[in-house]
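Please open the structure in your viewer and keep the sequence at hand.

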Amino acid sequence: QVQLVESGGGLVQAGGSLRLSCAASGSIFRINYMAWYRQAPGKQRGMVAVITSDGSTNYANSVKGRFTISRDNDKNTVSIQMNSLKPEDTAVYYCNAEVASIDGYAMNYWGKGTLVTVSS
């Protein structure tokens, strides 16, 4: 089993910054990718940013130029620096990872989420 634990959420004013982090622990052979998703009230969960094991990244159009995802492969952590935050960024942010076991099976895991609230 693998556990993902997020940290860093909170309340921030519009235009401010927050940094979220997620640490993966448990039975990990390799993490293929790590990502951040978010879910605002009444909306579906959607991908915010993803980073692969070789460092390739992809972002939702709504956060390009404002958010930066990074990871530490040695520590099995992923972070997202969120700048120029807007009220519409308010959501529960979830860490997501695809983890491969030594026998070759890959499974997808989710953290419990951390709330980010951006006030106007």
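**A tour of the aromatic rings**

Two aromatic pairs are present in the structure, which is a predicted model.

Begin by selecting Y37 and W110. Their rings form an edge-to-face aromatic pair, with 4.9 Å from centre to centre and 70° between the planes. This pair links distant parts of the chain: Y37 belongs to strand β4 (residues 30-39) and W110 to strand β10 (residues 106-110), 73 residues apart.

Next, display the surface around these two residues. Y37 counts as partly exposed because its relative accessibility is 22%, a value between the limits of 20% and 50%. W110, at 37% relative accessibility, likewise counts as partly exposed.

Y94 and W110 form an edge-to-face aromatic pair, at 6.4 Å centre to centre and with 85° between the planes. Here too, distant parts of the chain are linked: Y94 lies in strand β9 (residues 91-100), 16 residues from W110 in strand β10.

Is Y94 buried or exposed? Its relative accessibility is 13%, so Y94 counts as buried.

Now show Y37, Y94 and W110 together. Ring pairs join these three residues into a cluster.

R45 is placed over the face of Y94, 3.6 Å from the ring centre. The charged end of R45 also sits over the ring of W110, at 4.6 Å from the centre of that ring.

Terms used. Residues numbered from 1 in each chain as written. Predicted model: local features only at pLDDT ≥ 70, side-chain atom pairs only at ≥ 80, totals over all residues. Heavy atoms only, no water. Phe/Tyr/Trp six-rings, centres within 6.5 Å; stacked < 30°, edge-to-face > 60°. Helix = DSSP H or I, 4+ residues; strand = E, 2+ residues; numbered from the N terminus. Buried < 20%, exposed > 50% of the residue type's maximum accessible area, 1.4 Å probe, protein only. Lys NZ or Arg CZ within 6 Å of the ring centre and 35° of its normal.
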